[in-house]
Amino acid sequence: MISGDLAERGEVLVYRQLKARLADFPIETHLMLGNHDDRGHFLSVFPEGPRDEAGFVQSAILRDGALFLLLDTLKGPPSSAGLYCTQRKAWLKGELARARGRPVYLFMHHPPFSIAHDLMDLILLDDAEDFLSLLGGHGVRHVFFGHAHRPISGQFRGMSFSAPPSLVHQLPLVSGSVATIYSDEPAMYAVVHADPDKVLVHMDAYLNRSPAQMDPDAERGTWF
Ligand SMILES: [Fe+2]
């Protein structure tokens, strides 16, 4: 799942480049939209891309007894916040009704609650309570979101959630701790084990991995 902000300014050229890069990518990939995306430009390059009946980039994947719902929270410029409008809600209501007790995993770009970050909290999902009211009683096991440019996990009203950092720049936890708004911190992707009794999220700082600078005796000690 690539959780949105596929391009910086929704450029057609970037979507073409992404499509070319994914052509021989060995892992099944599902694309989602974020506030930096342009739905029309995206669909012009990915005409076969996931779309609900109203034309939003939303899809449902039923696999291994679980329902994975990929939401389109793109509001559009000039706002960087997210929006989940009446049409999108209608789709989500229908999909949740079809879950019939199966565990549901939600994927969305914008977090639907405060993440206690002074900048990001300005551009969350609009009308989040309205959105959250749709979820009650539907067995949502985990909410995956992007947008935060920080590794975050926790629990919100009984739903666990997680977000990986960005693959490019990050947002420092403490604003002002660097001279720029964004910071260079390790990029990570997440590997998720969604099992019947457990949701496990590994974050992998794959660009910053190198041999440990430690004494071999310490490394191989029988501390366990
Ligand atoms: Fe974003």
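**Entry 1**

I started with Leu-207 and found it in the loop that runs between strand 8 (198–204) and helix 5 (216–219). I am working from a predicted model. I looked up the exposure of Leu-207: its relative accessibility is 58%, so it counts as exposed, the cut-off being over 50%.

**Entry 2: Met-203**

I moved to Met-203, which sits in strand 8. Met-203 is partly exposed, at 30% relative accessible area. I listed its contacts, leaving out residues up to four places away in sequence. Met-203 touches Ile-152, Ala-163, Pro-164, Pro-165, Met-188, Tyr-189 and Ala-190. I then checked Pro-164: it is 39 residues from Met-203 along the chain, yet their C-alpha atoms are 6.9 Å apart.

**Entry 3: the iron ion**

Which protein atoms are donors to the iron ion? I noted Asp-5 (OD), Asn-35 (OD1), His-109 (NE2) and His-147 (ND1), at 2.1 to 2.3 Å from the ion. Angles among the 4 donor atoms run from 89 to 166°, and the site is irregular. Along the chain the donors are spaced D-x29-N-x73-H-x37-H. His-109 is in the loop between strand 3 (104–108) and helix 4 (128–132), and His-147 is in the loop between strand 4 (140–145) and strand 5 (152–156), so this pair ties together parts 38 residues apart in sequence.

His-109 counts as buried at 1% relative accessibility. His-147, at 6%, counts as buried too.

Definitions and conventions:
Residues numbered from 1 in each chain as written. Predicted model: local features only at pLDDT ≥ 70, side-chain atom pairs only at ≥ 80, totals over all residues. Heavy atoms only, no water. Helix = DSSP H or I, 4+ residues; strand = E, 2+ residues; numbered from the N terminus. Buried < 20%, exposed > 50% of the residue type's maximum accessible area, 1.4 Å probe, protein only. Donors = N, O, S within 2.8 Å, 3.2 Å for Na, K, Ca; no water. Tetrahedral: all angles 85-135°; square planar, octahedral: opposite > 155°, others 65-115°. Contact = heavy atoms within 4.5 Å.
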